[in-house]
Amino acid sequence: MAIVAKTSRFGKYGRPTLAWVVGLLFFFPIFWMVLTSFKTDADAVKPEHLIFFKPTFDNYINMTENYDYWRFAKNSVITAVMATVFTLFVGIPCAYAMAFNPSRATKDVLMWMLSTKMLPAAAVLYPMTFITKTAGLFDTHFLIILVLSLINMPIVIWMLFTYFKEIPKDIIEAGQMDGANTWGEIKEILIPLAWGGIASTALLCFIFCWNEAYWTVRLTTTDAATLSKLIEGNRAPEGLFFGRLSAVSAAAVGPIVVLGWFCQKQLVQGLTFGAVK
């Protein structure tokens with residue numbers, strides 16, 4: 001009885017406390033970044049101004065007036081949205097075919113797609129740069145959208161395949177008996193039934209595209225440069241300008257944090273889709 005009482009007491013108080021501690025640990029870097037964004041570059045490196053300092057909006061004003069923040073933000077929105085749409089446009093039919101019309105090679109194909117995520121990006125940087133410059137695609141929205149789509153395609157297909165496998169095949173066969181073609185099955189049956197999983201996959205794909213820094217920094221200069229390029233630009237031979245860097249980082253992180261906050265219900269529902277039979 002004593003053991004049961006201790007266990008129930010831990011479940012009542014210990015788990016919520018542990019959850020708060022873990023949550024605060026994850027939140028602290030964001031809090032510190034936002035706090036530093038209201039410091040001058042000089043105050044950001046002074047120990048005496050670690051907590052107490054005179055706040056200023058100069059970093060944000062400088063970011064919008066001198067660094068053309070809105071152009072970088074627009075490029076981020078365009079590339080992330082279009083890459084997500086294109087990835088789903090290709091990924092949904094692929095996952096549908098693998099889930100409801102599997103072959104002997106289906107598992108091998110899925111493993112091969114997942115193995116491409118293990119490829120070191122630095123190993124293909126030079127050929128990618130050479131090919132894109134030769135083809136005249138360097139620093140274009142088309143190139144970034146294509147690269148982001150190909151990077152996230154394996155994860156999207158894997159997630160959608162998992163969600164679609166939870167849908168009874170009898171429903172699809174009933175639609176076929178009613179005369180539905182492949183597009184009708186996907187549009188009228190599959191998407192409505194797996195909408196939670198598709199929405200969560202789209203949200204995660206959008207977050208991955210928004211957060212991608214390696215390729216967006218190295219395959220752009222000005223025209224298609226995203227917020228990652230703007231963040232990378234806040235360094236100089238003299239060192240890092242922590243105040244300005246924190247302001248730019250907070251402005252880049254803010255939209256995606258707000259989106260995740262408002263879509264957390266759909267995200268959780270999608271990620272747990274099919275977890276309970």
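Trainee: How many helices and strands are there in the chain?

Mentor: Helices (H or I, at least four residues) and strands (E, at least two) are DSSP runs, numbered from the N terminus. Here the chain has 13 helices and two strands. This is a predicted model, where local features need pLDDT of at least 70, side-chain atom pairs count only at pLDDT 80 or more, and totals for chains, interfaces and linings use all residues. Residues are numbered from 1 along each chain as its sequence is written, and side-chain values use heavy atoms, with hydrogens and water left out.

Trainee: Which percentage of the residues in the chain is buried?

Mentor: Buried means under 20% relative accessible area, exposed over 50%, and partly exposed in between (1.4 Å probe, protein chains only). Of the 277 residues in the chain, 36% are buried.

Trainee: How many aromatic pairs does the structure hold?

Mentor: Rings of Phe, Tyr and Trp (its six-membered ring) pair if their centres lie within 6.5 Å; planes under 30 degrees apart count as stacked, over 60 as edge-to-face and the rest as tilted. The structure holds 10 such pairs. Take Tyr69 and Trp70: their ring centres are 5.0 Å apart and their planes at 75°, so this pair is edge-to-face. Tyr69 is buried, at 7% relative accessible area, whereas Trp70 is exposed, at 60%. Elsewhere, ring pairs join Phe27, Phe28, Phe31 and Trp32 into a cluster.

Trainee: Which ring does the charged end of Lys133 sit over?

Mentor: A charge sits over a ring if NZ of Lys or CZ of Arg is within 6 Å of the ring centre and within 35 degrees of the ring normal. For Lys133, the ring is that of Phe138, with the charged end 4.9 Å from its centre. Arg71 likewise lies over the face of Phe72, 4.5 Å from the ring centre.
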